[in-house]
Amino acid sequence: MIQRSQDIKYLQGVGPARADLLNKELGICTVGDLLTYYPYKYVDKTHIYKIREINASMPYVQVMGQILSADVVGEGRGKRLVARLVDDTGAIELVWFQGFKYALKNYDFNVPYVVFGKPTVYGGRLNIAHPEIEKVDPSRPFDGESRNRYVPSYNTSEKMKRSGLNSGAMAKLTSKLLELFDEPFPETLNRYLIEHYHLISYNEAIRNIHFPQSAELLRKAQVRLKFEELFYVQLNILRYARDRMRKYRGIVFPKIGDAFNGFYHNHLPFELTGAQKRVLKEIRKDMGSGRQMNRLLQGDVGSGKTLVALMSALIAIDNHCQACIMAPTEILAEQHLQTLRQFLGDMPIRVELLTGSVKGKKRETILRDLKNGSIHILVGTHAVIEDNVVFMRLGLAVIDEQHRFGVAQRAKLWDKSGPTPIPIPVMEGSGHHQSFTSSSNYSPPSQGGAQGVGLFPHVLVMTATPIPRTLAMTLYGDLDVSVIDELPPGRKPIYTVHMYDSYRDNIYRKVRMEMEQGRQVYIVYPLIQESEKMDLKNLEDGYVQVCRHFPDYKVGKVHGKMKPAEKDAEMQRFANGETQILVATTVIEVGVNVPNASVMVIENAERFGLSQLHQLRGRVGRGADQSYCILVTNYEISSETRKRIQIMVDSTDGFEIAEADLRLRGPGDLEGTQQSGMAFDLKIANLGSDGQILTLAREAATTILDGDPDERNPENDILWRRLQELRRTNINWGAIS
Ligand code: ADP
Ligand code: MG
C-alpha cells in the first residue's frame, strides 16, 4: 500500500521534472501534500438547464440542444463564427473567435449535443463563447467522460500551465492517486467528535473534496475538513494555554481596598461606561481566581482602555503589589505617565517612567525605588522588561497597543524576556517590607495576602485594532478576551469624506476653516518599505506645498527616518499647540492623544489598509467637537479601492471595518498577521467566512481538554498523535510549546 510520506516523483505520471515543478511552485513534495492540495472551486456538470432558464449571472451551464445554423460574421478582429443552438424552450448563440475550421468540421446540424460554458450577454443576446461540446444519446445525456459530476479546479501557476500541468492535469494526478489508496484512509478524529458533530469519515471527506459525488457530499466533505483543520489549530493553542496556566499560578488579589475605592469615589472625573464596568469585573474575577490572568482587552480607539488599565493597577496596589504599563514608543509611555498622574491627582500613589532615555542618576533612583517598593506603578517601553529592572513585587503587567504580537511571538516573549515570568522577590518578612508602603496609606496585611514565590504577575494585553472574532480566536486564542464595545458618551462620530486630489483647494479650505477655529490638523502620507525613498519625497513635497499654502501657520513634520528624540520633540510641539499642522507618515498611527486636533487628511488613502485608516482616523475626534477625516485619492482607483474607501465613509465602527477588511482582503493581508506567522497556512478553512465552524471547533477542543486534562483517555489517543504529527510538519505550530 502507498504511503502518504512517499515522494511525489515516484507517482505514476509525475517524474522528476514535474515533481520539481510541484515542489517549487506549490510546495507539494509528498503524496500526502498532493492529497491535501484541495480544489478552489468546482464546476457543476450534474444538471442540464433549459435554454429559457439561463441568464448571464450563472457561472457555468450545461444545456442540451441542436445546432440549426452557423455563420462567419464581422470583419478583422471582430470576425467570429456564430452558431445557433436551440432546445424546446429557446435559442442561444455559440461563438468562436478562433478555430472556426475545427468547429465547422466537427459539429453537425440537427444532432443532439450537450454544450457547456459560461453564458454572457452581447448585443442584447445570450451567448456562450468557446463552449465545450459533446455528442450525446438524448435518452442518456449524463453518460460521458466529463458529464454528471462536479469537476474540480486546482490553482496552478503560469509556469506549471506552460508545462502542461494545468488544473485538468492536477485532477488526473489526484484521481490516479486516490485509486492507489485502495483501502479506506484511516480516521483522524475520534468517534466522539465524528458523532457529536455529525461529520462524515475522513475517507469519505478526502475523496469527495476532490471528486464530489453530489452537492450534499461536497458540502459535508468541506465541513468535515474545515472543522478538522480548525479543531487542531484550537487544540494546539488551548492545550498550550492550559499548560501555561498550570505552570504559572497567579497571585491572588482577594480584596478591593483604599486605592481603588478612593480613586473611584473621589477622583474618577466621569461615570464609567457600562462596557468599562463589565470589563473591570472580568479582570477582577481573573485576578482573584488564583490563576494567572492572560487577558486581551480589545477596545476601539478612544474607548477608554487607559482608565481600565489604571483601575486594574489600583487593585494590584490594594493587594500590596506593583504594576507596570508597557507602551510601544517613548512618546506613548510619556503620555500614559501624564494621563495616570492627572487621573490620580493628589492620591499617594507613585507613578514613574522608565524608557531608554531615562539615564544616569534618575535611572538609578527609579531602579532602587522599584526594588524597595516605593514606586507603585512603572510606565515605560520595552526598557521595563530588561534584566536589571527588578520589582519588589510585580502583580500586573499591562501591554498596550501590541496588536502585532501573535501567539508564537508572545510565546517567545514569555520564554525569553518576560513580561512573565518576571521573578518576583519574596516580600514577607524581608527588610524591605515596610518601605513598600512607606509613601502610601495602604498598609500590608499582617500575614498572608499574596505569596511571592512561584507566582506570576497577571497580564493584560490591550489593543485598539479591533480584531474580528475569528481572527482573535486564532491569533490570540490562548488569551481570554474582553471587549469595550461602547464609547464614552457625548462623542460625535468623525465625519468622513472621500475627495479627489484634483480638488486640493477644497481640501485646504476645510483645513484653514478649522485652524481659524483654533483647531489642529494632521496630514498623513503613506510610507511603505520597498519604496521608502519615493515616499519620503512625497512627504517632503507635501510638506513644502503645505508650508507654501499656509504661510500664516506653523507646520511640523515627522517620519520614521528621524531620530527618536527629534521625532518626539516634533510631536511634543504639536501636542503643545506650538505647531498647527503636522505632516507625518504613519508613525503617528498608534496612540498619540491631541484632543485639539480635529482634521485628519490622509493622502494616497488607497495605499493604506482599512484597519490602518481607522487607526489613523482615531487620532482625531478625541475632544467634544466635531472632527473630520478627509480621505484623498486620485480619480483613477480600482473598484475594490472604491469599496474600501466607501466602508470608511459609511462606518466608524472598528469591528465592522475589521470584518469588512477580513472579507475583502483575507486574513493573510490583514495588518499584523503577516508577521504573526500563525495558522494562516490554513489549507481549506477561511477565517473570513468560516466563523461558525471555528466556533464549533473551539468548543470541541475545549470539551476534549476539559474531559481529559491529563491526556490519558485512550479514546483521545488518536487526537494527540495527530497533533504531534501536525506540530512536526508545521513550523509555526511548533513555535508554540
Ligand atoms: P483608548 O486608549 O482606549 O484609545 P483612552 O484611554 O485614551 O482611549 O481614552 C480616550 C479619552 O476618553 C480620554 O481622554 C479619557 O479620559 C476619556 N474617557 C475614558 N473613559 C471615559 C468615560 N467613562 N467617560 C468619559 N470619558 C472617558
Ligand atoms: Mg490608548
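These legends walk through close-up views of a predicted model. Local features need pLDDT of at least 70 and side-chain atom pairs count only at pLDDT 80 or more, while totals for chains, interfaces and linings use all residues. Side-chain values use heavy atoms, leaving out hydrogens and water, residues are numbered from 1 along each chain as its sequence is written, and chains are lettered from A and ligands numbered from 1 in the order in which they are written.

**View 1. The shell around ligand 1.** Here 17 residues surround the ligand, each with a heavy atom within 4 Å of it. The closest are Gln276, Gly302, Lys305, Thr306 and Arg491. Helix H11 (residues 305-318) gives the largest share of this shell, three residues; helices are DSSP runs of H or I with at least four residues, and strands are E runs of at least two, numbered from the N terminus.

View 2. One ligand oxygen is 2.7 Å from an N or O atom in the side chain of threonine 306, and a ligand oxygen is 3.5 Å from one in the side chain of arginine 622. A ligand nitrogen is 3.5 Å from a polar backbone atom of threonine 273.

**View 3. Strand E7 and its partners.** Strands pair if DSSP finds at least two bridges between them. E7 (residues 125-129) runs parallel to E4 (residues 91-96), joined by three bridges, with glutamate 93 opposite asparagine 127. E6 (residues 119-122) pairs with E7 in the antiparallel sense over four bridges, and proline 119 stands opposite isoleucine 128.

Technical notes:
A polar contact is a pair of N or O atoms within 3.5 Å; within protein, one must be able to donate a hydrogen and the other to accept it, and residues adjacent in sequence count only if both atoms are side-chain atoms.
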